[in-house]
Amino acid sequence: MAVETSENGNGSASLLDVRGLVKYFPIKRGFLRRTVGTVKAVDDISFDIREGETLSLVGESGCGKSTTARSIIRAYEPTAGEIIFKTEDGDSIDLAQLSLVEMRPFRRQMQMIFQDPFSSLNPRMNIYEIISEPLLVHGIGSSSEREDRVAELLRVVRLRPEYMRRYPHAFSGGQRQRIGIARALAVNPRLILADEPVSGLDVSVQAQVINLMMDLQDELGLTYLFVSHDLSVVKQISNRVVVMYVGRIAEIGTPEELFDSPKHPYTAALMSSVPKPHPSQRTKRYVLEGEVANPANPPTGCYFHPRCPFATDQCKVEVPPLVKSKDGRYVSCHRADEIELTVN
Amino acid sequence: MLAFFIRRIIYAIIAMWAVSVISFVIINLPAGDFVTTYIATQLATGNLILEAEAESLREHYGLNDPVYVQYAKWFTRILRGQLGFSFEFTEPVRIVLERNLLNTLLLGTFTVVFIWVVAIPIGIYSAVKQYSVGDYVATFLGFLGLGIPDFLIGLVALWLILDLTGFLATGLYSVEYRTAAWSFAKMWDLAKHLILPVAILGTAGTAALIRVTRANLLDELKKPYVTTARAKGLTEWQLIMKYPVRYALNPVISLTAYVLPFIISGSVVLSFVLDLPTIGRDFLKALTAQDIYLSGAVILFSGWLTIIGTFVSDLLLAWVDPRIRLEED
Amino acid sequence: MVAGAQSGAESDAQLVGESDFEAEVEVMSQRQLIWRRFRRHRLAMAATVIVALFYSIVVFSDFLATNDPEDIEAARQYTPPQWLRLFDGFKPDLHVCRLVGSRDEFLRKVYVKDCDQKVDVQIFARGYEYKLFGLTLDRHLFGVNDPEVTAEDAIFLLGTDVQGRDLYSRLMRGTRLSLLIGLTGIFISLIVGTMLGAVSGFYGGFVDNLIQRSIEIVRSIPTIPLYLGLAAAFPADWSVERRFFAITIVVSLFAWTELARVVRGRYLAMRQEDFVTAAIVAGANQRRIIFRHMLPSFYSHIIAASTLNLAFMVISETTLSFLGLGLQPPAISYGTLLFTAQNVQTVALAPWLLIPGIFVVVLVLALNFMGDGIRDAADPYGS
Amino acid sequence: MTTETREPPAPLDSGFRRNDDASARIGDASARNDDMSGGDDGVSARNDVASGGNGDSPVAGDAILSVRGLETQFFTDEGIVRAVDGVDFDVLPGTTMGIVGESGCGKSITAKSILQIVEAPGRIINGEISYNPRPETNSSTDLLSFDANSNEMRAIRGGEISMIFQEPMTSFSGLHTFGNQIDETLRLHTNLTKQERFDLGVDWLARVGIPNPTQRMHEYPFRFSGGQLQRAMIAMAMCTNPRVLIADEPTTALDVTTQAQILDLLQRMQEENDMAILFITHDLGVISEIADEVTVMYLGKVVETGPVFSFFDEPKHPYSKALLTSIPSMFTSSRERLPSISGSIPHPQNRPMGCAFHPRCQSFMEGTCDVREPELASVNEAQEVSCFLYEE
């Protein structure tokens with residue numbers, strides 16, 4: 001599915017270009033651990049991330065959004081596909097082709113923020129050791145320079161530098177998430193992959209972290225790949241959103257486009273399912289029938305067709321490609337141009 | 001379930017083969033071959049064996065063959081039921097084993113029953129009334145039972161009984177019943193004699209089972225399905241017995257098949273202290289006399305029994321757990 | 001939507017308040033936290049003290065002994081224990097009561113305690129010569145201050161055996177040997193277990209499968225018959241040292257499986273942890289991830305498993321030697337000491353011969369409590 | 001996907017929590033759902049208990065469940081945790097009371113306290129829970145006067161007041177078939193025969209929208225998906241026709257599309273069975289979708305309670321206001337910086353002096369908020385708030 005995605009004038013604007021990314025996990029059984037099947041966690045997806053923007057991956061659990069992020073940063077080995085990254089020097093390099101050792105220098109340019117503020121910090125290391133680790137492994141600075149850098153980073157994420165000798169267990173969830181952000185910022189990366197960074201936090205703390213992330217983006221010119229299942233958060237933070245369903249992309253668009261005039265029936269259902277923020281907006285919901293498809297044994301054709309009210313015979317056999325629709329949006333639906341969808 | 005079953009059978013066969021190799025190695029470890037041992041025993045009883053005769057014996061048993069051929073021959077003989085000759089008892093190994101088989105199985109079975117009957121209620125109580133005095137007592141006794149070697153308990157018990165009553169509580173039968181035919185009187189005599197060894201043999205198992213039951217049940221009691229059951233209006237005991245106890249005991253009960261062979265092999269040491277007429281006692285005699293065919297056979301069969309027991313336990317566990325039983329593959 | 005919405009922009013700049021944590025907890029490392037949790041475990045603490053005492057016996061066994069453990073005194077066979085008395089009336093005076101031996105009508109030796117005749121016991125008394133840290137010494141913690149003491153004047157705190165050897169001094173020696181076997185065994189199983197566990201977890205796939213199946217097979221072999229069979233197969237004419245190592249290997253034969261299982265399990269669990277992914281993403285290499293991030297998280301689990309293994313090994317040695325299949329005289333261990341009490345009639349005659357059994361039980365219990373305590377402290381949520 | 005807005009309820013005319021408009025609202029709601037009307041039951045075994053169909057509006061001012069001064073504490077090794085620290089609220093018949101709060105605010109413990117199923121080391125220390133299934137007769141009983149294991153309390157649990165939980169996957173026993181587990185509930189609370197119980201179970205599975213219900217009765221929970229299990233749990237809770245359903249974060253573990261299905265189902269069940277729902281959640285969006293009344297909790301205390309419209313239109317407590325403005329919604333515009341609440345929730349053991357919210361409060365008044373504890377008091381005929389801003 002070679003979609004020409006890096007547009008908006010000159011192709012140079014995209015920092016990361018994912019083309020035909022595939023990640024299958026084998027299901028192993030039996031005495032000889034034979035592979036008896038595959039979980040198609042990410043099944044041929046393409047999108048790009050432009051410099052300075054926040055691109056969000058949304059979808060329900062098991063849709064492959066986290067796997068996508070982890071494959072991009074090579075925490076998982078992608079099964080197939082290209083991950084073209086534009087380096088600081090302006091070169092384009094396919095990260096998927098690199099060995100893990102070759103990958104190491106590029107890790108300075110892309111870092112990750114994790115969901116669980118408890119398990120993402122090594123409980124046996126203090127804050128200084130945690131934040132300075134990326135500096136240490138890349139051999140950046142002397143130990144006193146690293147200490148200054150950690151102090152600076154702590155101030156950047158609004159924590160007291162004096163606390164750098166303390167251990168993670170002394171901090172609350174929101175504070176730990178700030179520590180995780182400081183670690184990600186340590187090597188001045190250009191791309192940050194945030195995997196559900198606020199879903200482990202109390203709601204009253206979420207806004208602090210989101211605001212911090214948006215401020216840092218403005219101050220440091222960061223690019224975010226933001227993975228979340230929380231559509232409200234996604235709407236708040238993103239420039240563009242990729243909607244995923246069972247390992248495939250349903251639709252790509254700006255939050256306004258997707259939330260106000262979805263093109264894909266799944267997007268519409270998803271948006272309609274989000275609870276309204278005020279009781280006066282209670283409406284009859286568009287309740288999606290049936291269950292999410294099993295990525296180990298997905299249906300034929302469009303994965304969404306068994307639940308889709310608009311499905312035709314074509315949908316049952318033919319996989320819809322992700323194509324540019326008439327008004328310049330990307331949708332993978334055979335009937336995108338025929339059907340009218342509204343979210344309430 | 002079928003794939004699971006086949007996988008388990010393959011494991012079991014490999015394990016049984018591994019045990020046979022180990023047994024063979026043990027048989028062949030002592031310096032010299034068994035003909036040397038045989039000559040020595042014969043000499044001790046006053047029989048002189050000529051060098052030629054020894055050589056023909058070696059030929060007959062294939063002792064001049066390469067090791068793997070010896071193993072193959074030995075193994076095929078075992079499979080045909082020819083277990084060899086016991087020098088210590090001067091009769092075929094098979095006869096020696098059969099003589100005390102019943103006693104051994106009786107002792108093992110009663111011990112398993114004893115362990116379940118004592119340990120499971122205590123384990124359940126201990127978990128449900130966590131941190132109560134009874135729980136502490138049970139936990140401490142459990143540790144004690146695990147920490148004291150069987151033979152020590154046996155010795156102390158024997159000594160105390162001897163000291164207090166002047167009665168030497170050894171053996172499984174009183175002298176007058178030792179060779180008598182089975183009768184109610186003999187069974188009653190056996191029952192009296194079984195109490196001490198069963199209790200001692202069961203101590204460690206009971207202690208272990210109390211700990212396992214308690215730990216499993218404590219884990220289960222925290223699970224959300226217990227809260228669901230409570231919210232239905234069940235009484236505390238009804239719900240504990242129906243749900244978490246079922247969960248906690250599934251693995252425990254399925255272990256029955258696995259525990260029996262362990263108890264039989266574990267009875268070796270106690271049989272020695274209490275002079276019980278079991279295969280274990282014969283085994284120990286065979287070991288000290290380097291009676292290789294008998295000891296090899298015991299090691300082989302207790303190993304095989306255990307492997308079969310493990311296999312049956314796994315199947316039972318799979319059977320009681322619908323998640324495994326109904327797995328499609 | 002809401003009147004009077006607050007402006008929260010500046011509140012982000014608010015720094016972490018001091019009041020957020022208790023002053024005591026905040027700077028503690030994970031190791032300190034584990035230690036603190038462990039200290040709260042009273043029983044485990046007491047057990048640790050006991051284990052430490054046992055290990056001091058390993059080092060100072062000769063210093064603690066009163067008589068030469070090898071000395072045979074046929075004239076003093078089956079002497080009952082002479083309890084150490086600290087006071088004479090109300091006057092502090094370390095002594096034991098003299099035992100007067102005679103023969104009864106069956107010509108058996110009987111001893112009568114005569115507390116009018118005191119045998120003085122002194123601190124740092126001179127006794128038989130021994131080596132400690134390369135020095136030849138003859139001072140003992142306490143004893144009768146005379147290297148050439150006669151049997152009549154010697155003290156036998158825990159009585160004597162059939163050959164009139166001092167059980168107390170032999171027990172000090174036996175502790176040394178039994179614990180050394182355990183320690184050597186732990187060392188072997190630690191190396192084999194952690195290596196195989198690490199390899200199994202790290203490489204996965206076929207290697208993992210092979211190692212896991214081997215562990216299952218080893219675990220399904222009944223321990224006692226195999227131990228006995230192997231021990232019995234050692235030639236009777238082996239030297240004490242050779243037998244020592246052979247028995248050590250036998251007792252560590254099964255102990256490695258548990259360690260391998262623990263290490264592999266922890267390794268696999270750890271690999272899923274986000275902080276390990278974070279280290280990968282940071283660009284750390286394999287070595288740093290394993291040694292800096294993963295291993296420190298299972299130290300305590302390995303220590304706990306080893307402690308429990310040690311108890312198992314002490315029991316195994318004792319049982320084997322008790323049956324005459326493990327260590328053999330003249331080696332002195334718990335097992336060989338109990339070997340002299342194999343017979344109930346002997347026990348009835350000289351019950352103090354079972355005292356080594358009490359040592360075994362106390363040691364094994366202490367190791368169990370300590371191991372459990374470490375495990376609980378290392379992993380408060382259960383493993 | 002029509003747009004149909006609900007009218008805000010008419011202003012209430014007295015200090016009483018009147019519920020005159022309850023039936024109107026229900027009628028309204030059923031209109032929204034007429035295309036979903038499930039299979040007509042006809043099997044309902046004992047719907048005669050405290051019946052009162054949709055038409056009989058309850059006598060004014062009577063809550064079916066009224067919680068007063070509830071205190072539940074946990075006696076841990078580290079000290080006493082006051083998980084629920086004096087909680088008051090009322091649940092009116094046929095309506096949904098939403099309890100909203102963040103982690104550690106005691107909302108789940110409050111729910112479990114009502115049924116007296118708080119796990120050790122937790123204990124209910126104080127309080128009164130009046131259950132009044134027949135408001136017209138005014139025959140209320142204090143549930144806390146019953147022993148937790150008494151027959152009376154067990155008859156209430158699962159019979160009169162049912163509960164559903166957050167984790168559908170672990171809330172069923174994996175070793176028993178679903179049929180076995182629903183049968184148990186029916187056996188405890190009805191006198192039906194085995195066959196009748198089975199038929200009723202099948203009927204309820206069908207009603208909550210599970211395909212092949214007869215076959216499903218014989219299946220084990222691991223064969224159900226998460227959403228189906230939550231439906232099955234609702235069926236199990238509803239099969240005894242309870243007067244009150246306590247839903248403890250029933251949609252938190254579910255995806256948003258499944259959440260929508262479950263919320264729909266719960267509303268339909270409420271209409272069909274005329275029961276009150278106590279809905280516990282941390283999600284204000286869910287509250288705005290389903291609740292008629294809202295109670296906001298913070299660190300074991302109620303900070304505000306009142307009708308859902310008043311809460312969303314005119315939140316009184318600074319914490320409520322902050323929550324409403326700091327959480328993004330589908331209607332906040334993109335890339336907008338939201339005001340945020342500073343600091344984090346204290347550990348329940350390090351509860352701040354005075355008003356527990358004062359260290360994070362924008363309206364903090366020194367010398368008052370950090371010294372005294374505010375009481376829950378009426379600020380108008382509908383809302384009650386515990387804040388010194390409203391103290392006369």
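Chain B of this predicted model has 16 helices and 2 strands, where helices (H or I, at least four residues) and strands (E, at least two) are DSSP runs numbered from the N terminus. The C-alpha trace of chain B spans about 85 × 60 × 35 Å along its principal axes. Of its 329 residues, 50% count as buried; buried means under 20% relative accessible area, exposed over 50% and partly exposed in between, with a 1.4 Å probe and protein chains only. Among the contacts in chain B with a separation of 6 or more, 72% are between residues 24 or more positions apart, contact meaning heavy atoms within 4.5 Å.

Residues are numbered from 1 along each chain as its sequence is written, and chains are lettered from A and ligands numbered from 1 in the order in which they are written. Local features need pLDDT of at least 70, side-chain atom pairs count only at pLDDT 80 or more, and totals for chains, interfaces and linings use all residues, while side-chain values use heavy atoms, with hydrogens and water left out.

Two helix pairs in chain B can be followed in detail. Helix α8 (residues 150-165) of chain B packs against helix α13 (residues 256-274) of chain B at an angle of about 25°, with the axes 9 Å apart. Axes here are lines fitted to C-alpha atoms, for helices over the stretch in contact, and angles run from 0 to 180 degrees between N-to-C directions. α8(B) and α13(B) are therefore roughly parallel to each other; angles under 35 degrees count as roughly parallel, over 145 as roughly antiparallel, 65 to 115 as roughly perpendicular and the rest as oblique. The crossing of α8(B) and α13(B) is right-handed, a crossing being left-handed if the near helix is turned anticlockwise from the far one by less than a right angle, and right-handed if clockwise. On the α8(B) side the contact involves B:Asp150, B:Phe151, B:Gly154, B:Leu155 and B:Leu158, which meet B:Gly266, B:Val269, B:Leu270, B:Val273 and B:Leu274 in α13(B). The residues of this contact divide into 7 nonpolar, 2 polar and 1 charged. In this division Ala, Val, Leu, Ile, Met, Phe, Trp, Tyr, Cys and Pro count as nonpolar, Asp, Glu, Lys and Arg as charged, and the others, Gly among them, as polar.

The second pair is helix α4 (residues 67-79) of chain B and helix α15 (residues 292-320) of chain B, packed at an angle of about 70° with their axes 13 Å apart. That angle makes α4(B) roughly perpendicular to α15(B). The crossing of α4(B) and α15(B) is right-handed. Here B:Trp74, B:Phe75, B:Arg77, B:Ile78 and B:Leu79 in α4(B) meet B:Tyr293, B:Leu300 and B:Trp304 in α15(B). The contact residues divide into 7 nonpolar, no polar and 1 charged.

Most residues other than glycine have a negative phi, and most peptide bonds are trans. B:Tyr131 has a positive phi of about 70° although it is not a glycine. This residue is in the loop between α6 (101-128) and α7 (133-147) of chain B, and B:Tyr131 counts as exposed at 57% relative accessibility.

Chain D has 11 helices and 12 strands, and buried residues make up 59% of its 392 residues. An open sheet in chain D has 8 strands in the order β6-β7-β8-β3-β9-β10-β12-β11, with mixed pairing; two strands pair if DSSP finds at least two bridges between them. At the edges stand β6 (161-164) and β11 (377-378) of chain D, each with a single partner strand, so one side of each is left without a neighbour in the sheet. Within the sheet, strand β10 (residues 301-307) of chain D pairs with strand β12 (residues 384-385) of chain D in the antiparallel sense over 2 bridges, and D:Glu384 in β12(D) is the bridge partner of D:Thr305. Helix α2 (residues 107-114) of chain D packs on the sheet, and its direction makes about 150° with that of β8(D).

Two loops of chain D have backbone features of their own. The peptide bond from D:Ala120 to D:Pro121 is cis, with omega near 5°, and D:Pro121 lies in the loop between α2 and β4 (122-131) of chain D. D:Glu249, in the loop between β7 and α8 (256-273) of chain D, has a positive phi near 45° and counts as buried at 7% relative accessibility.
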